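Colleague: I should like to learn how to read the features of a model step by step. May we begin with the display?

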Amino acid sequence: MVASESSSNFELDQAGMKSQLSALFGLVNAADPELASYLEQHDSSNMFFCFRWLLVLFKREFSNEDIMTLWEVLWTDLPCPNFHLLISLAILDMEKNILIENSYGFTEILKHINDLSMKIDLSVALSTAEALHAQFSMMSPEHLPLPIRKLLGMAADELEERSDGDGATSSDGDDGDSPVNNINNHHSSDEEEALYQKGIDQHYI
């Protein structure tokens, strides 16, 4: 599943990347409203500073040995689909205090995230991501939006029941696309496009 999703990262319109970044902010908002609010207030809710993480599945963030371990975890699709987004969330959780205490804005956040390359403790990131998955698993449907539950593979029974009951699953805004496309898709202005390109440029200069 990870391999098929990653192929969309390289589409010319970058739609796959943008939808994943938007989904990542949805996870941040669900797990840590304080961090989500901080990112919104500092023009960073677009999550463009995580572009490199998702584009090549953390290849530039870890040693060869660590990245092989990480990719093997991701290939299992366990403990859930889109576990790479929970790993991203875990790293952000690990860095949250630094970002907030230093009042970092978009440019500073981007630089800080880039500077984490080869400095992230993979075992801590994985254990934190697993803890976040457990946290989401314990949240009631009333407190965890359907797109998030679908993203993490937690809504299969509910969707099957609704489909058997009325043949449709559209009441929560599901249009039949991947759940990663149904979370916080609200970044479409020229300014957002400029920030997105800035994020790409500064990741690779």
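Colleague: With which residue does E34 form a salt bridge?

Modeller: A salt bridge is a side-chain nitrogen of Lys or Arg within 4 Å of a carboxyl oxygen of Asp or Glu. Here E34 is paired in this way with K96, and the closest N and O atoms are 2.8 Å apart. E34 lies in helix α3 (residues 33-41) and K96 in helix α6, so the pair ties together parts that are 62 residues apart in sequence. The structure holds four salt bridges. As to the source, this is a predicted model in which local features need pLDDT of at least 70 and side-chain atom pairs count only at pLDDT 80 or more, while totals for chains, interfaces and linings use all residues. Residues are numbered from 1 along each chain as its sequence is written, and side-chain values use heavy atoms, with hydrogens and water left out.

Colleague: What does the pLDDT of the protein chain average?

Modeller: The pLDDT is the predictor's confidence in each residue, from 0 to 100. The protein chain averages 82, and 69% of the residues score at least 70. Over residues 168-176 the pLDDT is below 50, although this stretch has 13 contacts in the model beyond near neighbours in sequence; a contact means heavy atoms within 4.5 Å. Where pLDDT is low, the predicted coordinates should not be read in detail.

Colleague: At what angle do helices α2 and α6 pack?

Modeller: Helices (H or I, at least four residues) are DSSP runs, numbered from the N terminus. Their axes are lines fitted to C-alpha atoms over the stretch in contact, and angles run from 0 to 180 degrees between N-to-C directions. Helix α2 (residues 15-31) and α6 pack at about 55°, with their axes 10 Å apart. That makes α2 oblique to α6, since angles under 35 degrees count as roughly parallel, over 145 as roughly antiparallel, 65 to 115 as roughly perpendicular and the rest as oblique. The residues making the contact include L24, L27 and V28 of α2 and L85, L89 and L92 of α6. By class, the contact divides into nine nonpolar, three polar and no charged residues; Ala, Val, Leu, Ile, Met, Phe, Trp, Tyr, Cys and Pro count as nonpolar, Asp, Glu, Lys and Arg as charged, and the others, Gly among them, as polar.

Colleague: Which residues of α5 meet α6?

Modeller: L70, V73 and L74 in α5 meet F83, H84 and I87 in α6. This contact has five nonpolar, one polar and no charged residues. The axes of α5 (residues 64-75) and α6 (residues 83-101) come within 9 Å and cross at roughly 130°. The two helices are therefore oblique to each other.

Colleague: What is found in the loop between α5 and α6?

Modeller: Both D77 and P79 are found in that loop. D77 has a positive phi of about 60° although it is not a glycine. The peptide bond from L78 to P79 is cis, with omega near 5°.

Colleague: Where does α6 meet α7?

Modeller: L92, E95, I98 and L99 in α6 meet I109, H112 and I113 in α7. The contact has five nonpolar, one polar and one charged residues. The axes of α6 and α7 (residues 106-115) come within 12 Å and cross at roughly 130°.
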